[in-house]
Amino acid sequence: MRDAGRDQFRHFLTIPTRWMDNDIYGHVNNVVYYSYFDTAVNQFLIEAGVLDIHKGEVVGFVVDSGCAYFAPLAFPDAVHAGIRVAKLGNSSVRYEIALYRNNDPLPAAAGHFVHVYVERASNRSVPIPEPVRAVLANLSVT
């Protein structure tokens, strides 16, 4: 996804970097990128009305994630996180996320994460609820 333009993503969330995101080398620490991924996806689901983080009976657990780094991010950059759905399965969804620095046309980093939907009470996988599936289908690139 190194050459992924912004037009390849269905939704964006702007995330401000924080002073504490920088590490001793003067750029955003690698673990913070995963936080940006998590924030972009979950904020989207909350705003779409299909994720109740406190009372929802069905929630998505992250079971796989990865990130490739192309250029540094640093405070006080604004991160524009583009998200799309690469695969929508029965009980899982694979998101692809690209992080763009300020107005840069190409991503500083890109990665993925996979949610498996589970019943909160039992931690057993369940089919993606239809309202969630409908929202995710709007992000699909396939």
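Guide: Helices, of at least four residues, and strands, of at least two, are DSSP runs numbered from the N terminus. Please keep in mind that this is a predicted model.

Visitor: In what pattern do the helices and strands of the protein follow one another along the sequence?

Guide: The secondary structure of the protein consists of two helices and six strands. Read along the sequence, these elements give the pattern β-α-β-β-β-β-β-α.

Visitor: What radius of gyration does the protein have, and what would a compact globule have?

Guide: The C-alpha atoms fill a box of roughly 45 × 30 × 25 Å along the principal axes. For a compact globule of 142 residues one would look for a radius of gyration near 14 Å, and the protein agrees with this, its own value being 15 Å.

Visitor: What percentage of the contacts between residues at least 6 apart in sequence join residues at least 24 apart?

Guide: A contact here means that heavy atoms come within 4.5 Å of each other. When the contacts in the protein between residues at least 6 apart in sequence are taken, the share joining residues at least 24 apart is 71%.

Visitor: What covers the buried residues of helix 1?

Guide: Helix 1, residues 30-47, has 18 residues and spans 27 Å from its first C-alpha to its last, close to the 26 Å expected. Its buried residues include Val32, Tyr36, Phe37, Val41 and Leu45. The cover over the buried residues of helix 1 includes strand 1, strand 2, strand 3, strand 4, strand 5 and helix 2.

Visitor: Is Val41 buried or exposed, and which residues does Val41 touch?

Guide: Val41 lies in helix 1, and buried means under 20% relative accessible area. Because its relative accessibility is 0%, Val41 counts as buried. Leaving aside residues up to four places away in sequence, Val41 touches Ile83, Tyr95, Ile97, Phe113 and His115.

Visitor: Why does Ser140 count as buried, and which residues does Ser140 touch?

Guide: Ser140 is found in the segment after helix 2. Its relative accessibility is 18%, and therefore Ser140 counts as buried, since the cut-off for buried is under 20%. Residues up to four places away in sequence not being counted, Ser140 touches Arg10 and Val85.

Visitor: How far apart are the mean positions of the positive and negative charges of the protein?

Guide: The protein has 12 positive and 14 negative charges, and a mean position can be taken for each group.

Conventions:
Residues are numbered from 1 along each chain as its sequence is written. This is a predicted model: local features need pLDDT of at least 70, side-chain atom pairs count only at pLDDT 80 or more; totals for chains, interfaces and linings use all residues. Side-chain values use heavy atoms; hydrogens and water are left out. The radius of gyration is taken over C-alpha atoms; the globule rule is 2.2 Å times the number of residues to the power 0.38. Lys and Arg count as positive and Asp and Glu as negative; His and the chain ends are not counted. The place of a charge is taken as NZ of Lys, CZ of Arg, CG of Asp or CD of Glu. The expected span of a helix is 1.5 Å times one less than its number of residues. Buried means under 20% relative accessible area, exposed over 50%, partly exposed in between (1.4 Å probe, protein chains only).
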